[in-house]
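Here's a quick tour for anyone meeting this structure for the first time. Have a look, then read on.

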Amino acid sequence: MAPLLPSARIFYLYIATAFVFSVVTYLYFSMREEGARPEGISRGIVGYIFDPQIWFHKSAKQDYLYFFFNGLIYFGVVAQLLVSGHVFFEAFGAGLERVFGVRETAVFAPSLLTAIAYTLVVALATDLAVWITHYLQHKVTLLWQFHQVHHSAEVLTPATVYRMHPIDMLFTGIVGLALLALAFAGFSYLTASAPKDVTVMNVNVVVFAFYLLGYNLRHSHIWVSYPPWLSYILISPAQHQTHHSIDAKHYDKNFGLIFAFWDWLFGTLYVPKGYEKLEFGISREEPNPFNSITDIYLKPFAKAWALLAPNSIAGPLICLTIAIGAVFGGSLIL
Ligand SMILES: [Zn+2]
Ligand SMILES: [Zn+2]
């Protein structure tokens, strides 16, 4: 049950702190004049935070429903990831021994310092994996067919984070595991023992702090931006909201999850100068292609096949069968 799991992004504690930040945001904007603040502020604190036009929007209702359906196939995806993690670790471990030789003793004895270093490397590796895959999901047309599902949300609520096509989740998950396995194999090799990161409630402390400090507001209408200098280091909720914006000046910007310096480094950072009124979705001109849960699951396959083999009508079915086989094949191997 996601709201009770500290590793889930909608864990009740993360939702509670997001609520506190929403109240502070309301108080901050209520002291500013109209034009420099969101329109919803004039509806009062409850009207602003729990705006029914957002929480009961057709797109939001689709997200709630989709969240439950995704829960059903979650184990298939996780099973596939568990297999991949194991395979990557074995490969990297063997690779290090082949290149640098088998080590009998540690280069660095395990200590608090190695634990802190490993904790940071785990957070950086996870974050870099998200940046790389997110960049590719936007730039590679085939991957965009699946990532479009996330961007088709017309309003943002914390549930929108789960509006991800299983293929999108698998891609990010597998690249993330590859980088984590590389970090694990590297630290295992150097310290001659299995490294452990510093955790709170079994979650990496950096990731825990990130989730606790308003993570859920990035999928919301609550505008929380950081001072410009901090927006070069950490991605603010407002920066992720601009990533969802339909405005051309925001296209392909702010791919980052925790850290903003990947975007800064690769020229895809967008730092808002003040409050911006945003519209969310894929396109202003074209209608939203995802009108039902079935559309969300199946249309990306049809669109992907139309790209690969435009003249074949059996394509989407073959594509879907391969995907189901790949996901559930993982559970059989376990
Ligand atoms: Zn995106
Ligand atoms: Zn998002």
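## What counts as a donor

Before we get to the metals: a donor here is an N, O or S atom within 2.8 Å of the metal, and since water is not among the atoms, sites may look incomplete. Keep in mind, too, that this is a predicted model.

## Zinc ion, ligand 1

The zinc ion (ligand 1) has His134, His138, His147, His151 and His243 as its protein donors, each through NE2, at 2.1 to 2.2 Å. Written along the sequence, their spacing reads H-x3-H-x8-H-x3-H-x91-H.

Distant parts of the chain get linked here: His138 sits in helix 5 (residues 112-139) and His243 in helix 9 (residues 237-243), 105 residues apart. His138 has a relative accessibility of 13%, so it counts as buried. His243 is buried as well, at 4%.

## Zinc ion, ligand 2

The zinc ion (ligand 2) is held by NE2 atoms of His150, His219, His240 and His244, at 2.0 to 2.1 Å. These donors follow the pattern H-x68-H-x20-H-x3-H along the chain. The angles among the four donor atoms run from 96 to 156 degrees, and the site is irregular.

How buried are two of these histidines? His240 has a relative accessible area of 6% and is buried, and His244 is buried at 0%.

## Where helix 1 meets helix 8

Now for some helix packing. The axes of helix 1 (residues 12-30) and helix 8 (residues 205-212) come within 8 Å and cross at roughly 45 degrees, so the two helices are oblique to each other. Helix 1 brings Leu13, Tyr14, Thr17 and Phe21 to the contact, while helix 8 brings Phe208, Tyr211 and Leu212. Sorted by type, that's six nonpolar residues, one polar and no charged.

Terms used:
Residues numbered from 1 in each chain as written. Chains lettered and ligands numbered in written order. Predicted model: local features only at pLDDT ≥ 70, side-chain atom pairs only at ≥ 80, totals over all residues. Heavy atoms only, no water. Axes fitted to C-alpha atoms, helices over the stretch in contact; angles between N-to-C directions. Helix = DSSP H or I, 4+ residues; strand = E, 2+ residues; numbered from the N terminus. Parallel < 35°, antiparallel > 145°, perpendicular 65-115°, else oblique. Contact = heavy atoms within 4.5 Å. Nonpolar A, V, L, I, M, F, W, Y, C, P; charged D, E, K, R; others polar. Donors = N, O, S within 2.8 Å, 3.2 Å for Na, K, Ca; no water. Tetrahedral: all angles 85-135°; square planar, octahedral: opposite > 155°, others 65-115°. Buried < 20%, exposed > 50% of the residue type's maximum accessible area, 1.4 Å probe, protein only.
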